[in-house]
Amino acid sequence: MKPSRVILASILFIALLAVPAYAKPIIIKFSHVVAVNTPKGQATEYFKKLVEERSGGNIKVEVYPNASLYDDTIALEALSMNACQMAAPSFSKFTSFVPQLQLFDLPFLFNDANHLHNVLQGEVGKKLLGMVAKRGLIGLAYWDNGFKQLSANKPLLEPADAKRLKFRIMPSKVIEAQFKALGGAPQVLPFSEVYSALRQGVVDAAENPLSNFFSKKFYEVQSDLTLSNHGYLGYMVVTNKIFWKKLSDQQREIVSGAIAEATEYGNKLAMEMDSRYLEDVKRAGTTVHELSAEQRLAWKEELKSIYPEFYDVIGKDLIEQALATGK
Ligand code: LMR
């Protein structure tokens, strides 16, 4: 029996109703806490552009910079529940569930950027990328920011200069131990609260890569900055398994390809921006101090003394493997 015209019309009507649902773009909410004019901010914008172009608008990336959606700790919770699909928190923010990532917080671990990149791209980096799986996350890439510099409202030239200062820190036991070793008082605060905490004297001092120091105007609330390069701040770009599984193979290819290109783009920018930001910081009026070889050695000796405390937490093997990569 032939279907009646009424039935055919109903089928067509229902099919038409269903079209907008299929045509609805997939949304990637990408949360981060820094300004747009930073390496991470720019890499995220570039990722958005590539994904939207290549998917013909079928995948939309909503970027939320400056912690406008979540602070990193909340973003990681939201990611696990698929309330947010991507983020790129710094390594310290993973401490509660992948304490091994504190490897990158160890002071004076890397000889230079080459050493760091060899660790990130090698065995150690691969191992750590896989460890976020226990929270239902997928590590997609590592993004650079840069080496951290110390700041305060007085020159920090010798380790003893840090005594009794309240340092704002990220949630990392390694960074906590670092400032305790100097006789300082570390205090964990979200990045979005650092400016006002420095301004109100809740904390006296901080450690930041130059791009974060400049783009968040910390030069307004810190008179002195020491080019200590004592530690590194970088990011792991993460998504979640719930979202990833919902994508088709082709969509996953678009997202992975865009991440790979954004990584290259952002990491190149991170290198270039560092020297530009140094000039900006100087122009903004913060006094910049270089350390003499002896002064640097004194910081190094003092801070490296904390390593044994973390042999169990991070893994002595992992630390030794990272150190050996630089030889
Ligand atoms: C911080 O909290 O200082 C950093 O993690 C901010 C960032 O994302 O660079």
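Let's start where helix 2 (residues 39–54) packs against helix 10 (residues 249–284), with an angle of about 150 degrees and axes 8 Å apart. Because angles over 145 degrees count as roughly antiparallel, helix 2 is roughly antiparallel to helix 10. The crossing of helix 2 past helix 10 is right-handed. Keep in mind as you look that this is a predicted model.

Now zoom in on the residues that meet there. Helix 2 contributes Pro39, Gln42, Ala43, Tyr46, Phe47, Leu50, Val51 and Arg54, while the residues from helix 10 include Ile254, Ala258, Glu261, Tyr265, Leu269 and Met273. Taken by type, the residues of this contact divide into 15 nonpolar, three polar and two charged.

Next, let's turn to strand 8 (residues 224–240). Here 16 of the 17 residues are buried, so strand 8 is largely enclosed by the rest of the structure. Strand 4 (residues 137–152) runs antiparallel to strand 8 and is joined to it by 13 bridges; in this pairing you can find Ile138 opposite Thr239. Strand 3 (residues 86–87) also pairs with strand 8 in the antiparallel sense, over two bridges, and Ala87 has Val238 as its bridge partner. With strand 9 (residues 287–290), strand 8 pairs in the parallel sense over four bridges, and Asp224 stands opposite Thr287.

Finally, have a look at Glu176, a residue of helix 6 (residues 173–181). Its relative accessibility is 22%, so Glu176 counts as partly exposed. Beyond its neighbours within four places in sequence, Glu176 is in contact with Ile169 and Pro186. Pro186 lies 10 residues from Glu176 along the chain, and their C-alpha atoms are separated by 5.7 Å.

Conventions: Residues are numbered from 1 along each chain as its sequence is written. This is a predicted model: local features need pLDDT of at least 70, side-chain atom pairs count only at pLDDT 80 or more; totals for chains, interfaces and linings use all residues. Side-chain values use heavy atoms; hydrogens and water are left out. Buried means under 20% relative accessible area, exposed over 50%, partly exposed in between (1.4 Å probe, protein chains only). Contact means heavy atoms within 4.5 Å. Axes are lines fitted to C-alpha atoms, for helices over the stretch in contact, and angles run from 0 to 180 degrees between N-to-C directions. Angles under 35 degrees count as roughly parallel, over 145 as roughly antiparallel, 65 to 115 as roughly perpendicular and the rest as oblique. A crossing is left-handed if the near helix is turned anticlockwise from the far one by less than a right angle, and right-handed if clockwise. Ala, Val, Leu, Ile, Met, Phe, Trp, Tyr, Cys and Pro count as nonpolar, Asp, Glu, Lys and Arg as charged, and the others, Gly among them, as polar. Two strands pair if DSSP finds at least two bridges between them.
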